[in-house]
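Then let's walk through it together, one piece at a time.

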Amino acid sequence: MAIEIEQPRVGLSKVAVSKTHGEDSPYFAGWKAYDENPYHETSNQSGVIQMGLAENQVSFDLLEKYLEEHSEASSWGKGAPGFRENALFQDYHGLKSFRQAMASFMEQIRGGRAKFDPDRIVLTAGATAANELLTFILADPGDALLIPTPYYPGFDRDLRWRTGVNIVPIHCDSSNNFQITPEAMEAAYQSAESMNLKVRGILITNPSNPLGATIQRSALEQILDFAVNKNIHLVSDEIYSGSTFSSSEFISIAEILETRGYKDAERVHIVYSLSKDLGLPGFRVGTIYSYNDQVVTTARRMSSFTLISSQTQHLLACMLSNKEFSENYIKTNRERLSKRYDMIIKGLKKAGIECLKGNAGLFCWMNLSPLLEKPTRESELALWKVILNEVKLNISPGSSCHCSEPGWFRVCFANMSEQTLEIALERIRKFMEQRKRN
Amino acid sequence: MRLIVPLQSVVQGRGGLIFGSLIPCALFYFLQLYLKRHRSPKPQSNPPSPTTSSPKLAEMTRTSSRSNLFSRSIGQVRISSRAISIAKPNESPYYIGLDKASEDPYDRLSNPDGVIQLGLSENRLCFDLIEKWMSENLGHSITGRDNGELNINGIATYQPFDGTMELKLAMAGFMSHIMGGAVTFEPSQMVLTAGATPAIETLCFCLADQGNAFLVPTPYYPGFDRDVKFRTGVELIPVHCRSTDNFALSITALDQAFNQTRKHGTKIRGILLSNPANPVGNLLSREMLYAILDFAREKNIHVISDEIFAGSMYGNEEFVSMAEVLDSEGFDKNRVHIVYGLSKDLSLPGFRVGVIYSFNENVLAAARKLTRFSSVSAPTQRLLVSMLSDARFIEEYIKTNKRRLQNMHALFVAGLKGLNIRCADSSAGLYCWADMSKLISSYSEKGELELWDKLLNVGKINVTPGSACHCIEPGWFRCCFTTLAEEDIPVVLERIRKAVENTTDLLNSS
């Protein structure tokens, strides 16, 4: 018998084999259940309804109408005269017309209360890349970023996986509607120090994911003061800024800087994207807006790994620089999201469920803690499994968002039709009734 | 004088203490008052503009915006060590030349004294074909009218990060076609990325840890220094090739480099190849591919084969892909990864379309997850599915492209020959590798860079010096000819001649 000599398996890197991509968490497990049995209005009415994906589908018709009426956006005009330059354009500065359109769109969203310089905009293929890129620039492997909980589950992967940077949570709880306090920030900082981790920055999401609420002015002032005090960076992920239900309730960190005469601005960086407000996650459009020249230059160079297709830049430059379109879109989108939010809150209330008072985003933060057997993470996950497998709804458990209080769930409402939302609410109502009876 | 006196009194102890401290304090106080009155006004409520007008060439010593003058923060906020090295002004002639050419670009009519760009391997020879296709087909390709109804849903929403199956299928077909149909590519083994640049970086993240290294034959594409090293912390170890055998790779050299590096305590994780080679333009023979695979198996390392110029052949040699060799022999496929993209063969660098093709399921699984950081934009995916599936167009494009490449290459190389400048033997790529060593003042990198500078600033042509490509022999330059029209060639040759007018060897037959 021949002796089998086993060939040594060729090795992979630590990054490749690490679990930091986090795809084993319940956040993603629920998606699997949905993929295997997706709800469909006609062909699969008993399937799982996806309420774990923060996607905005309520305003597609506005986009379609624009594209229908403006073929030059998708075709470079008759005979395609601008096509050649566009197809060759791979400059990491990005199309000037697109940067200008993005700057102006960001200003419109903030009601003109802050100004943006197109030369400070760095383009990336999505906010995911923007957040990772900033982390590479602001922190070294082994350093730490402070992030208020609950936070978007994707941060664990996006900010830590390839960068080697740690996340230290700033614990927030329902006693004050999960607002960020100076005490909580200080506690997190101390916690990092005690673990010998150098804190390089604080990253906030405003409006918050998963809370669905904007951060108040006073809190923003305190957060900026904290960053100045500790001489660290402040990253404000404002990806949902255009998804606030009323224009006046969102206050951007840019406005705070404006009132302070841009003092201490060099530590502030804003992340934005068109994936949520414009409902175009497939286009892969993200931006870093930094008040720090060194960060702008470095981010631009690093963006070579994540450039936006020049075709897409051209299309969006046309669309967003059309003031008539952009103003109408922002206004209409807000109204529709607000209406959806009211619908889901009313529906949940009828079922006896309370939510955190929200004013933005594509989701609500639902409180099911009264239903838990015990106020533990295990109880929460058990309840989540029941909702996934019996009620057939994929919602995101608070523990996947690192929420320190068990029993909270994020429920998305903008990625489906109104009819589907009604059905989801009906299922919840039935479930709650059954629970009451037992 | 007046200041000294009180201090003298202090020293001599005659009531000078009061004067000694009072007068300097008073002077200091008045100085403050003067400065306060003449201080510039507080900045307007406008966001600070970047302090340099051309940030690409930014001098990084002055980094603060105006408002920092009034900041009371203790120190400047710090950026990471990774970022600091990237922020430094780029000194490589590769990038400096590109910048200069883009600031003052040559145009036959509107800017005849501008810099002629021969440093960017871009193919402009067949845009007329693509433009024609666009104007005939574009209306329906982006937004995808289903039954006449505009439907953005298909491209707006989240797509699989590693590319749609439709595009993978179309790419697999295209890649197979340009490689002469000798190999079939499986869409399920493909991961699409926003260009070949992130494809290379992603593979490095998957195959090597920080501090590890890849062997890379020289001369190599200057961009590899960025793609491989910037964020991964992985090193590149050059394996030098020489003109005596037309810069062919030798296994002996690979072996030597491997052993040397291991002695220094660095772990080699793989070999990074370009085939067709950039900047030389030669091909790896079938035998050499076998030899490389044997070497890789012996050392248990990976092989990355960047085949981005596979469809830019002008010579008569046959291109053999790593995939083709693997198909035919019993090699361990798990260590081979191919990189491709549409920037060169289809002239669409702006659209950002790259491919990682691997036979290793674990690498594919990791790479797929990493594409969330660099995905192909959905409207572009849809456009390309349409274009790549148009068999008649692709057939015509490939044929015409090859013919025009052959033509330009022949004209350009003959032109250089007329100036007594020989080029290395090459069969592919958008450039030729020219030997200008006889024209440099001293046979050294310094001499080479002096010539490069003369060509750029006197001759007004941008070419890439061999040192930027880590070539061990000075005097070689990469000249891309696919950004030119035929009429431009005599202009280029004349400029070279003018730039080196004082050098004796030029125009004398050897």
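Predicted model: local features only at pLDDT ≥ 70, side-chain atom pairs only at ≥ 80, totals over all residues.

Let's begin inside chain A.

On the domain 1 side of chain A, 34 residues are in contact with 44 residues of domain 2 of chain A. Together the two domains bury about 3300 Å², with 57% of it on carbon and sulfur atoms. Three residues stand out here: A:S326, A:R334 and A:N359 supply 23% of the area that domain 1 of chain A buries against domain 2, more than any other three residues.

What holds hands across this boundary? The rule finds zero salt bridges between domain 1 and domain 2 of chain A, but there are 25 residue pairs in polar contact, both at pLDDT 80 or more. Among the elements giving two or more residues to the domain 1 side are α2 (26–36) and α14 (323–350) of chain A. The largest share, ten residues, comes from α14(A). Sorted by class, that side of domain 1 of chain A has 17 nonpolar, eleven polar and six charged residues.

Four strands form an open, antiparallel sheet in the order β9-β10-β13-β12. Its edge strands are β9 (354–355) and β12 (396–397) of chain A, each pairing on one side only. Meanwhile, β10(A) and β13(A) pair over five bridges.

Finally, zoom out to see both chains. Here 95 residues of chain A are in contact with 96 residues of chain B, and the two chains bury about 8600 Å² between them. A:R162, A:R301 and A:F305 supply 10% of the area that chain A buries against chain B, more than any other three residues.

How many salt bridges does the rule find across the interface of chain A and chain B? There are four. In one salt bridge, the side chains of B:E131 and A:R84 meet at 3.0 Å, N to O. The helix α12(A) gives the most to the side of chain A that touches chain B, with eight residues. By class, that side has 40 nonpolar, 28 polar and 27 charged residues.

Terms used:
Residues numbered from 1 in each chain as written. Chains lettered and ligands numbered in written order. Heavy atoms only, no water. Contact = heavy atoms within 4.5 Å. Buried area = accessible area lost by both parts, 1.4 Å probe. Polar contact = N/O pair within 3.5 Å; in protein donor to acceptor, adjacent residues only side chain to side chain. Nonpolar A, V, L, I, M, F, W, Y, C, P; charged D, E, K, R; others polar. Pairing = 2+ DSSP bridges.
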